[in-house]
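I opened the model to look up a few things. My notes follow.

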Amino acid sequence: MSRVLVVYSDSGAVDPFITLLAGKNHQVDKVRSRDAAKYLRTSAFDVVITDCPPAGAAIRDGGVVAQVAENCPETRCIVLTGGDAAELTLMEKAKDLRFDCFSRDKGPEALLAELEKSTDTEQSSTEQPKPTKKENLGGIVGESREIRQVFGVISKVAKTDSTVLITGESGTGKELIARAIHENSSRAENPMVVINCSAIPGELLESELFGHEKGAFTGAHRARMGRFEMADNSTIFLDEIGDMSLNLQVKLLRVLQEQTFEKVGGAKSMNVNIRVIAATNKDLAEAIKDGSFREDLFYRLNVIPIKMAPLRQRRSDIPLLVHYFSNRLAQRSGMDRPKRFSEAAMAMMTNYEWPGNIRELENMMERLFVLVSGEIIEPSDFPDYFFDRPRDAQAAVSPGEETISLEGGLDFNQTVDAFQKRLIVKALEETNGVKSKAAELLKIKRTTLVEKIKKLQIETDASA
């Protein structure tokens, strides 16, 4: 069985091929050409099949074929052609890009035979697959501006021993960021030591961090090694650092300054070579004001700050995360192929606020995989609270709007489009038609806004 990505500009041209491939137990993912790069960056495919636009423009201008060459050069790329002479001539000019042409006129059966022939050859090879970019970043998935900025910081800070402070709401992936930094550092040979400062009672946390000597307190029947000693020549990740007591903050400050500490009940100083990464979902600036966090410790920790944006501020990453978790759940469950989302269901996933961020999304994906028996997930499969309108969206709707009634049913796609249209018109009105500012208000990319304006014909309506 091969993992196949079908990239289309004309759904009707590729559907017969998809139907046959899926029927022969190939794992097939279907995606529009404008979204191909997202999938190629986050998943591994054996074959990419794409229908070529007229005159081979996508190849000539560095479209799907170039994206395959950039993101997964070992993946075979097949371009479905109609045999147009001008189209093939332009393809000849793109010989530096690795791809095969296949005439649609030969039909799906001929393509299937070609694929199965190449699959047999690949299975006989002993060459190991190369790791994907996703694996080099510890499973972090995304291509939004916010996450790309984080990737940039990781690539720079991983080469150093600088202390890092990661902030952001719960569930945004702070530990993943810490692991990515550690695994790309010179300390990666040793395991990263993790401790959640809020999960351990304050009276026990000191012993967990620094260890204790025999007889240091009631019940200390033998000496114990602490997390800082375990992390010697490695990295220690202090999660929820904002919940640490002031007494322990003083001792932590000394470790950061001098790389030295004493065990509980001990008098001998221990020297360690550690790299500290801390994380918190609290506003430490406010904690400093109310006296619950030391200002000098904050400056010691905040050498390299990394701010993790909540998922609702990086909505363009949601389809990528859905695709990633879908594949992982399918693999874990031994399924032949992952479940797919209808366009309406994916729109609901993208528009939901996700107060629990990526952790909530991952749990929702598992829920859907367990409870939905079919291969395609539809809006009716979501829990009731998904249909509640987000508070921010309610504020953006004009007063006096009629309450939506489900009596007699409604067209979901039309309703979603109408709601998106009202939001975009509202944003354009408040920004005097400046698209870049309207995109900022809606927390989407400007290019995404322009596409929606064209799709929903908002400019045409405005001029009318």
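**Sheet and strand pairing**

I began with a pair of strands: E7 and E8 (residues 235-239) pair in the parallel sense over four bridges. Strands here are DSSP runs (E, at least two residues), and helices are runs of H or I with at least four, numbered from the N terminus. Two strands pair if DSSP finds at least two bridges between them. This is a predicted model: local features need pLDDT of at least 70, side-chain atom pairs count only at pLDDT 80 or more, and totals for chains, interfaces and linings use all residues. Residues are numbered from 1 along each chain as its sequence is written, and side-chain values use heavy atoms, with hydrogens and water left out.

Within this pair, I found Val-194 opposite Phe-237 in E8. I then traced the open sheet. Its five strands run in the order E7-E8-E11-E6-E12, with parallel pairing. E7 (193-196) and E12 (304-307) are the edge strands; each has a single partner, so one side of each lacks a neighbour in the sheet.

**Cysteines**

I searched for disulfides (cysteine sulfur atoms within 2.5 Å). The structure holds zero. I checked burial next (buried: under 20% relative accessible area; exposed: over 50%; partly exposed in between; 1.4 Å probe, protein chains only). Cys-77 is buried at 2%. Cys-197 is buried at 3%.

**Ser-342**

Where is Ser-342 placed? I found Ser-342 in the loop between strand E13 (340-341) and helix H16 (343-351). Ser-342 is buried, at 13% relative accessible area. I listed its contacts (heavy atoms within 4.5 Å). Leaving out residues up to four places away in sequence, Ser-342 touches Ile-376, Ile-377, Glu-378 and Pro-379.
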